[in-house]
Amino acid sequence: MMEELAKIPWAVIAPLIIVQIILMIVALFDLRKIHATNGPKILWVFIIIFVNLLGPIAYFIVGRKQS
């Protein structure tokens, strides 16, 4: 098990994980602050949390309602 973990290229994966976490946090704060979205807010919460890197990006592109 430890040998398999040592083979993972953490130098490549770690920045992606950090970017994903930052995007998720920013999207969730924005979702909490904004009053209207395209679709129900609870659906966007699940998309932001469970659709890894693409969920927060989809929220910023499609989810925010432009007034």
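**Exercise 1. Locate Asp30 and determine whether Asp30 is buried or exposed.**

*Solution.* Asp30 lies in helix α2, which spans residues 10-33; helices here are DSSP runs of H or I with at least four residues, numbered from the N terminus. The model is predicted, so local features need pLDDT of at least 70 and side-chain atom pairs count only at pLDDT 80 or more, whereas totals for chains, interfaces and linings use all residues. Residues are numbered from 1 along each chain as its sequence is written, and side-chain values use heavy atoms, with hydrogens and water left out.

Next, consider accessibility. Asp30 has a relative accessible area of 10% and is therefore buried (buried means under 20%, exposed over 50%, partly exposed in between, with a 1.4 Å probe and protein chains only).

Then list the contacts, that is, heavy atoms within 4.5 Å. Leaving out residues up to four places away in sequence, Asp30 touches Tyr59, Phe60 and Arg64. Between Asp30 and Arg64, 34 residues apart along the chain, the C-alpha separation is 9.1 Å.

**Exercise 2. Describe how α2 is placed against α4.**

*Solution.* Begin with the axes, which are lines fitted to C-alpha atoms, for helices over the stretch in contact, with angles from 0 to 180 degrees between N-to-C directions. The axes of α2 and helix α4 (residues 54-63) come within 8 Å and cross at roughly 40 degrees.

The two helices are therefore oblique to each other (under 35 degrees counts as roughly parallel, over 145 as roughly antiparallel, 65 to 115 as roughly perpendicular, and the rest as oblique).

Finally, name the residues. On the α2 side the contact is made by Leu23, Met24, Val26, Ala27, Asp30 and Leu31, and on the α4 side by Pro56, Ile57, Tyr59 and Phe60.

**Exercise 3. Describe how α2 is placed against α3.**

*Solution.* The axes of α2 and α3 come within 10 Å and cross at roughly 175 degrees. These helices are therefore roughly antiparallel to each other.

In this pairing, Met24, Ala27, Leu28, Leu31 and Arg32 of α2 meet Lys41, Trp44, Val45, Ile48 and Ile49 of α3.

The loop between α2 and α3 holds Gly39, which is partly exposed at 39% relative accessibility. The C-alpha atoms of Gly39 and Leu54 are separated by 17 Å.

**Exercise 4. Identify the residues of the largest nonpolar core and follow Tyr59 within the model.**

*Solution.* A nonpolar core is a set of buried Ala, Val, Leu, Ile, Met, Phe, Trp, Tyr and Cys residues joined through side-chain atoms within 4.5 Å. The largest one has six residues: Ala27, Leu31, Ile34, Trp44, Ile48 and Tyr59. At least two residues of this core come from each of α2 and α3.

Tyr59 belongs to helix α4 and is buried, with a relative accessible area of 0%. Beyond four places in sequence, the contacts of Tyr59 include Ala27, Leu31, Ile34, Trp44 and Ile48. From Tyr59 to Val45 the C-alpha distance is 9.2 Å.

**Exercise 5. State the confidence of the model.**

*Solution.* The chain averages a pLDDT of 90, and 99% of the residues score at least 70; pLDDT is the predictor's confidence in each residue, from 0 to 100.
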